[in-house]
Amino acid sequence: MSTSTLAPQDLKVVRGGWPSLAGGGVLAAVVVFLAAAPWFVFSPGDVTNLVTLFALIILGTTWNLMAGYGGLVSIGQQAFIGAGGYGVIKLADVVGLPVPVAVVAAGVVCAALAVPTSFLLFRLVGGYFAIGTWVVAEVFKLVTQELPGFGGGSGLSLTAFQGVDRVTRIATVYYLALGLAVLVVLATYLLMRSRLGLGLTAIRDDSVAAASLGVAVRRSQRIVYVAASGGAGLAGALIAVNGLRVSPDSMFSVQYTAFMIFIVVIGGLGTIEGPILGAVIFFALQQLLDAYGTWYLIALGAVAIAVVLLAPRGLWGLATRGRYEVFPVGHRVYPQASPQEAQSVDFGRDSR
Amino acid sequence: MTLLEVDAIDVSYGDFRALHGITLTVAEGETLAVIGANGAGKSTLLKTIAGLLRPSAGQIRFNGHNVSHTPAHRRVREGIALTPEGRRIFASLTVEENLKVGAYGRRPGPWNLATVYDAFPLLAEKRERRGAHLSGGEQQATAIGRALMANPKLLLLDEVSLGLAPVVIADIYKALPTITGKGTTVLVVEQDLTQALTVADRVQCLLEGRTVLEGAAAEVTREQVQAAYFGVDEQEAG
Amino acid sequence: MDWINAVLQGLLLGGQYALLACGLSLIFGVMRIVNLAHGVLAVAAAYLAFWLVQQTGMPSFLTIVVVIPVLAAVGYAIQRGLFNPALRHGELSPLLVSFGLAVIGANLLQEIFTADSRKISIGDLSTASVELGPLRLGVFSLITLVVAIGVIVGLQLYLSHTRTGRAMRATKDDPEAATLMGIDERHMYALATAIAIGTVALAGVFLGMSTQFSPTYGDLVLIFAFEAVIIGGLGSLWGTLLGGLVLGVAQTVGAQIDPAYGVLAGHLVFLVVLLFRPQGLLPKAVVA
């Protein structure tokens with residue numbers, strides 16, 4: 001890095017620029033395609049599968065928000081996946097809310113549940129926070145099993161869709177899932193561009209230094225934890241209305257955490273694009289290799305370890321070398337004269 | 001006989017080059033003081049000799065062979081011991097445990113618990129006290145004692161006087177003749193000129209990562225050293 | 001009398017939890033790594049013992065002579081090959097790597113041994129008991145508690161009074177300064193993990209002798225071990241013993257109220273401790 005100094009008027013601050021706009025355009029086209037596709041490309045089975053992909057994108061994006069930006073590794077988000085799944089069924093079948101409203105409401109309920117939970121768990125740091133979240137998930141599961149009206153060990157079925165024809169039902173869930181996935185990704189992007197996002201980036205890079213610069217570390221982390229738990233609740237609700245039934249062992253399974261970690265780590269921790277890429281890769285592998293059962297999971301575990309050790313910025317980081325963002329979160333500073341040739345100084349994107 | 005030869009080493013932290021082609025030799029049995037202002041690269045030099053940093057160019061020869069690529073923990077076994085900047089006492093260990101850890105490499109030699117306590121009587125009284133509860137002077141004495149327990153041929157002392165009261169500094173430097181008397185070669189980095197010129201046989205002055213003055217301690221004048229220290233041209237200074 | 005019995009049985013169960021937890025405590029104490037593969041390794045040790053008994057017909061207790069060294073070697077290799085490189089990327093990486101290991105381990109066990117539940121036979125010992133007035137104490141549980149206390153005392157003595165134990169504590173305090181003492185930090189970390197996983201192996205074999213286990217049983221082991229460590233207080237091996245005992249009592253007393261509440265009661269006690277005494281019951285009373 002050259003040590004010559006430039007006056008502020010010589011500098012141009014760029015966020016994204018046309019390459020990011022182009023990337024965003026491609027992504028928007030994909031979304032439009034996905035919105036149109038059910039009518040001429042996919043079978044109903046594919047459509048149901050795609051809902052799983054959208055749920056995985058939500059899970060990956062929100063887990064990354066927490067771990068990649070907030071520095072909070074939770075291995076207990078299945079608490080909120082389960083709560084969202086059970087919640088949507090209660091809200092639709094018992095309270096009588098329309099299913100789409102019930103799904104969103106389930107997410108809100110999970111975010112609300114995360115507030116008191118955070119006060120308990122934030123007494124732990126690092127790895128101990130991680131296992132603490134798992135204990136909380138186990139408590140959620142055991143309590144759900146014991147509560148009257150929650151079906152004990154066998155669970156509940158969704159009845160709100162009874163009388164609705166299959167195509168309408170599948171289409172409703174599909175568009176709901178696609179819409180929520182887009183919304184969650186955009187909301188995360190806007191959050192990261194905000195003042196809070198800047199603080200979170202600082203926390204990710206060095207939480208002690210961030211605190212000394214006046215970033216309210218604990219408060220920022222709490223906001224992120226609550227938001228991410230709301231996201232997990234949304235995903236859980238989508239999984240429940242897609243599968244039409246929930247049971248404690250499946251909804252509160254730590255397997256979901258394994259999936260989230262793979263998605264984020266393989267895609268790229270601490271980027272917005274990474275979890276989307278990771279979810280697509282994970283989903284494709286799952287469709288292709290699910291028949292191999294345990295070997296498939298063993299391979300996933302091995303790949304995740306390899307990525308952590310050899311490409312800690314994930315496949316997105318490996319592919320772009322941190323120079324390209326579809327979702328420009330950071331700022332780049334160029335000397336006025338010629339942005340192409342000049343060395344850019346990178347703010348926001350880390351250099352760990 | 002030459003014990004340590006540092007031959008034209010460059011050392012960088014990321015993009016910042018801290019040492020530019022430093023060359024330095026220490027003969028067996030002598031005491032060399034490396035002096036210079038803050039940021040002159042003195043601590044970097046000692047860390048590189050001890051193996052905590054790797055030179056990007058140049059070579060370090062100890063006892064006749066190249067140790068440039070030997071990891072720090074093995075250099076200790078070859079006979080290089082460093083009392084690092086900031087003392088770095090093991091906080092949860094007692095003074096005696098700190099000293100025993102110093103002997104981890106089990107090199108034979110004159111130094112053991114008894115001789116260290118002889119050289120630093122204040123440590124004998126505090127032997128059961130944990131590192132976290134020691135005063136600055138006690139920590140420095142423990143750090144030197146701990147390094148001696150490794151029975152080094154070459155003892156590297158980094159900023160012994162930093163942050164200590166003059167009377168405490170004098171107390172610690174009192175032990176230096178005992179140390180050299182047992183045949184240990186000493187390379188001391190010091191900001192305190194008076195101390196450095198008193199204890200050293202030879203001085204070498206660094207400025208911004210380069211050697212600017214070298215000579216026998218008895219021959220260089222304070223004025224010369226001060227000029228070199230602050231990077232003032234000799235004519236201007238004179 | 002039922003309640004007194006529940007508390008006593010809980011103390012005995014707690015011995016098992018303490019034995020399972022001390023390895024977790026040691027690894028965290030020395031390297032600040034939370035090893036999420038802890039439970040899987042304990043279960044793997046149980047499977048290895050089970051397999052040895054089945055294949056060679058060797059007496060169940062004798063298997064520890066093989067299982068402990070094998071698992072300790074695995075621990076050394078994991079630290080050298082995976083955790084040490086991961087530590088260079090920050091504190092998140094070892095956690096993620098250990099999670100990957102846990103997933104791999106549980107699925108490998110399932111592939112090799114199927115999902116069926118197993119138990120290591122110890123013959124009459126599993127039902128043998130001593131009578132204490134109206135109370136009956138299982139002999140095997142008593143042995144487990146004694147072994148747990150023995151392991152913790154042994155670890156304490158090792159850390160306080162041996163050359164390597166002191167070097168381990170020094171490395172914990174300041175890894176770079178430790179290298180200046182001639183200590184190879186990577187080897188020292190691997191040694192700590194080897195010892196920790198060795199204790200996990202012992203705990204796993206005892207676990208396999210007292211309960212039915214399956215490949216996914218490691219999840220519960222990890223959670224219980226973790227609860228014992230936190231209840232007792234981070235960084236204290238005696239705290240871990242106390243934590244294990246408290247957790248055991250909470251579970252048996254909970255189960256006395258309603259069999260379905262046993263595990264839940266343990267979790268709730270953990271959360272209550274977290275709420276009112278987050279530093280644990282015996283924080284940092286001793287080094288390690």
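In the predicted model described here, Phe113(C) is placed in helix 4 of chain C, which covers residues 92-113. With 17 other C-beta atoms within 10 Å, Phe113(C) is classed as partly exposed, because a residue counts as buried if 20 or more such atoms lie within that distance and as exposed if there are 12 or fewer. When residues up to four places away in sequence are left aside, Phe113(C) touches Tyr47(C) and Pro215(C).

Thr114(C) is found in the loop that runs between helix 4 and strand 1 (129-132) of chain C. Although Thr114(C) is not a glycine, its phi is positive, at about 60°. Thr114(C) counts as exposed, because 11 C-beta neighbours lie inside 10 Å, and an exposed residue is one with 12 or fewer.

Elsewhere in chain C, helix 8 comprises 26 residues, namely residues 185-210. At 1.5 Å a residue, helix 8 of chain C should span 38 Å, and its end C-alpha atoms are 38 Å apart in the model, so expectation and model agree. Of the 26 residues of this helix, 23 are buried, so helix 8 of chain C is largely enclosed by the rest of the structure.

Chain C also meets chain A, with 31 residues of chain A in contact with 34 residues of chain C. On the side of chain A that touches chain C, at least two residues are supplied by each of helix 5 (126-146), helix 11 (255-267) and helix 13 (294-310) of chain A. The most is given by helix 5 of chain A, which provides 11 residues. Sorted by class, this side of chain A consists of 23 nonpolar, 4 polar and 4 charged residues. Chain A itself contains 14 helices and 5 strands, and 47% of its 352 residues are buried. Of the contacts in chain A between residues at least 6 apart in sequence, 79% join residues at least 24 apart.

Chain B contains 11 helices and 10 strands. Its C-alpha trace spans about 55 × 40 × 35 Å along the principal axes. A compact globule of 238 residues would have a radius of gyration near 18 Å, and the value for chain B is 17 Å, which agrees and is therefore consistent with that expectation. Buried residues account for 46% of the 238 residues in chain B, and 69% of the contacts with a separation of 6 or more are made by residues 24 or more positions apart. The average pLDDT of chain B is 89, and 97% of the residues score at least 70. Over residues 234-238 of chain B, however, pLDDT stays under 50, and for this stretch the model has 4 contacts beyond four places in sequence. Where pLDDT is low, the predicted coordinates should not be read in detail.

Within chain B, 4 strands form an open sheet in the order 2-1-4-5, with antiparallel pairing. Strand 2 (16-27) and strand 5 (65-66) of chain B are the edge strands, each of which pairs on one side only. Strand 1 of chain B, residues 2-13, pairs with strand 2 of chain B in the antiparallel sense over 8 bridges. Within this pairing, Val6(B) has Leu24(B) as its bridge partner in strand 2, while the bridge partner of Glu5(B) in that strand is Thr25(B). The two strands form a hairpin with 2 residues between them, and Gly14(B) in the turn has a positive phi of about 60°.

Two loop positions in chain B can be set beside this sheet. Ala40(B) lies in the loop between strand 3 (31-35) and helix 1 (42-50) of chain B, and Ala40(B) counts as buried because it has 24 C-beta neighbours inside 10 Å. Residues touched by Ala40(B), not counting those up to four places away in sequence, are Leu206(B), Leu207(B) and Glu208(B). Although 166 residues separate Ala40(B) from Leu206(B) in sequence, their C-alpha atoms are 5.8 Å apart in space. Arg106(B) occupies the loop between helix 3 (95-102) and helix 4 (113-119) of chain B. Arg106(B) is exposed, with 11 other C-beta atoms within 10 Å, and has a positive phi of about 55° although it is not a glycine.

Note on methods: Residues numbered from 1 in each chain as written. Chains lettered and ligands numbered in written order. Predicted model: local features only at pLDDT ≥ 70, side-chain atom pairs only at ≥ 80, totals over all residues. Contact = placed C-beta atoms within 7 Å. Nonpolar A, V, L, I, M, F, W, Y, C, P; charged D, E, K, R; others polar. Rg over C-alpha atoms; globule rule 2.2 N^0.38 Å. Expected span 1.5 Å × (residues − 1). pLDDT = per-residue confidence, 0-100. Pairing = 2+ DSSP bridges.
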